[in-house]
Amino acid sequence: MHAAVLRTPGPIENHPLHYSEVPEPVPGLGEVAISVLACGVCRSNLHMVEGDWLPGTPAELPIIPGHEVVGRVKAVGPGVTNLTVGDRIGVQPIWATCGRCEHCISGHEQRCRQRQITGETRDGGYAEVMLAKADFACRIPDSLTDTEAAPLLCPGITAYGALKKALLRPGQNVAVFGVGGVGHLALQMAGLTGARVSAVSRSSRARALAEQLGAEGAYVPAGSEGGVALRDGSQDAAIVFAPSDRSVAEALRVIRPGGRVVLGVSQSVGVMDIGDEKTVVGTVLGTRQDMLDVLGLAVDGKLHAVHEDFPLSEANQALQRLKHGQLQGRAVLVPGA
Ligand SMILES: [Zn+2]
Ligand SMILES: [Zn+2]
């Protein structure tokens, strides 16, 4: 089979992913092999490929990245009873968890310390075939296409986790910083809570997309030209998916005393003034139930993933466009395209 393989991390301009022929994986106990139909391109993939992601990531080299995967079951390993050949399934960043620890049994399996991450500790979806743990896959509803479903499986779940932590009430004001792969879904979900949604982005194209997707206002980051910035203290909550320390600092300023900032990117928070009793909370990934909830929103027509599709052989080019802010919504790789 063909896959975009990372052997040595490096700047994306040097095309560190090698589109090459590799042996097709065979499913083990509790696993299925899927023919990949679509795989979203995540900013975390870019970090891993360039070698500046979390310590110990990837777990080994070479590795095949990609963790927002829609595929069709091609082969079923021993012990699998919930899936059969031909089923169309989705695989999310959490490839598997231990199922026993306090996080797994309390409905927070994304925090499991033994979690396996698709495309980081196990080969992922930048490939024609990949393995998935049957218990962690979910069926993709027929009404969703491969390429619109793929971005729901990481950005959708990630946005959903952020929204749950923002604790919004109808009529409140929320600002979403960043209108990329995750932000464009987060602002749609924020609108579903009945809150008034403002989007913040440097890109005029992204601000136009935000308004098209239901944001009541689109703003530029403080100090930027080309538009108006949010007023300090004007928001009840802020959700940050823009990968910039300045966005975090601005988010903390635009929320009122007692407000909340939800951080979906790892950035410096800086010195916090305790006098305003503001809350900063991190959010990462989500559970299998979150995945079902997100797919349900899309089936109901309440959530639309905007995507740009690329052949799998052009994974480097897709990542390069992501790095330079040239994408609308999510890039999705399509094997055989
Ligand atoms: Zn992701
Ligand atoms: Zn666990």
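This is a predicted model: local features need pLDDT of at least 70, side-chain atom pairs count only at pLDDT 80 or more; totals for chains, interfaces and linings use all residues.
**Exercise 1. State the overall dimensions of the protein and compare its radius of gyration with that of a compact globule.**

Solution. First, the C-alpha trace spans about 55 × 45 × 35 Å along its principal axes. Second, a compact globule of 337 residues would have a radius of gyration near 20 Å, and the 19 Å of the protein agrees with that. The radius is taken over C-alpha atoms, and the globule rule is 2.2 Å times the number of residues to the power 0.38. Third, 55% of the 337 residues count as buried (under 20% relative accessible area; exposed is over 50%, partly exposed in between; 1.4 Å probe, protein chains only).

**Exercise 2. Identify the residues that coordinate the zinc ion (ligand 1) and locate them in the chain.**

Solution. The donors are Cys42 (SG), His67 (NE2) and Cys154 (SG), at 2.0 to 2.2 Å. Donors are N, O and S atoms within 2.8 Å of the metal (3.2 Å for Na, K and Ca); water is not among the atoms, so sites may look incomplete. In sequence, the spacing is C-x24-H-x86-C. Histidine 67 lies in the loop between helix H1 (43–50) and strand S4 (69–76), and cysteine 154 in the loop between helix H3 (146–149) and helix H4 (155–166), so this pair ties together parts 87 residues apart in sequence. Helices (H or I, at least four residues) and strands (E, at least two) are DSSP runs, numbered from the N terminus. Histidine 67 is buried at 3% relative accessible area, and cysteine 154 is buried at 4%.

**Exercise 3. Give the strand order of the six-stranded open sheet and name its edges.**

Solution. The order is S12-S11-S10-S13-S14-S15, with parallel pairing (two strands pair if DSSP finds at least two bridges between them). Strand S12 (217–219) and strand S15 (279–282) are the edges, each pairing on one side only. Strand S11 (residues 196–200) pairs with S12 over three bridges, and valine 200 stands opposite tyrosine 219 in S12.

Note on methods
Residues are numbered from 1 along each chain as its sequence is written. Chains are lettered from A and ligands numbered from 1 in the order in which they are written. Side-chain values use heavy atoms; hydrogens and water are left out.
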